[in-house]
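Here are my notes on the pockets of this model and on one annotated stretch. Please read them with the structure open.

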Amino acid sequence: MMKDSIILVDEKAMKRALTRIAHEIIEKNKGVKNLVIIGIKTRGVPLARRIAENIEKFEGEKIPVDVLDITYYRDDLEKKTEQPRVNNALKVEVKDKTVVLVDDVIYTGRTCRAAMNAVMEYGRPQKVQLAVMVDRGHRELPIRPDFVGKNLPTSKDEIVHVLTTDIDGKDEVVLTKQ
């Protein structure tokens with residue numbers, strides 16, 4: 001665990017939240033027809049895969065999952081004209097699909113905006129939905145997730161870390177002070 005950190009969501013609670021999100025996605029979309037799940041790099045990817053695995057368990061149908069690196073689309077990172085474009089070709093078809101973007105934390109909304117811009121380059125989805133493990137508030141853009149694992153109101157000097165077994169060796173949500 002990180003210094004001066006508090007565990008807000010443990011492994012069991014995280015598993016329950018991802019199971020609930022999977023059920024909510026199925027319910028809101030009246031099934032899984034034309035559904036595509038895209039994990040926003042880095043920790044949105046393992047969360048997206050787990051949500052898709054849960055949906056497959058419940059519905060008996062495999063859902064296409066892809067990975068999206070939104071680095072090039074960020075508006076808060078300095079871009080140089082000579083900077084090469086990140087190779088980010090989506091392997092799944094998004095045109096006329098219901099795309100569920102998955103991220104670990106929503107804060108300002110800028111990552112989600114960048115992800116939507118990236119997805120639109122590959123076709124126009126029928127609709128785009130957002131699933132996040134943690135909504136910590138402080139939005140700068142009018143973006144709201146459709147599916148939330150945990151709402152955690154935070155101050156701006158706090159940082160929320162979503163840890164995943166695939167990347168960090170454990171599943172938990174941790175709060176630290178800057």
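1. Start with the largest pocket. In this predicted model, the largest pocket holds about 490 Å³ of space. Its lining counts 25 residues. Closest to the centre are Arg74, Asp103, Asp104, Val105 and Thr111.

2. Which elements each supply at least two residues of that lining? Three are strands: E4 (98–106), E5 (127–135) and E7 (158–163).

3. Now compare the record. An unreviewed UniProt entry annotates residues 99–111 as "short sequence motif: PRPP-binding". The annotation comes from that record, and it may be inferred rather than shown by experiment. In the model, the span 99–111 is 62% strand and 15% helix. Its end C-alpha atoms lie 16 Å apart.

4. Move to the second largest pocket. About 220 Å³ of space lies there. Helix H1 (11–28) and helix H2 (44–59) each give at least two residues to its lining.

5. Which residues line the second largest pocket? They are Glu11, Met14, Lys15, Leu18, Thr19, Arg50, Glu53, Asn54, Lys57, Phe58 and Asp171. By class, six are charged, three nonpolar and two polar.

Definitions and conventions. Residues numbered from 1 in each chain as written. Predicted model: local features only at pLDDT ≥ 70, side-chain atom pairs only at ≥ 80, totals over all residues. Heavy atoms only, no water. 1 Å grid on protein atoms, 1.4 Å probe; cavity = no way out; pocket = protein on both sides within 12 Å on 5 of 7 lines; lining within 4 Å. Points joined across faces, edges and corners; volume = space filled by probe spheres on them. Helix = DSSP H or I, 4+ residues; strand = E, 2+ residues; numbered from the N terminus. Nonpolar A, V, L, I, M, F, W, Y, C, P; charged D, E, K, R; others polar.
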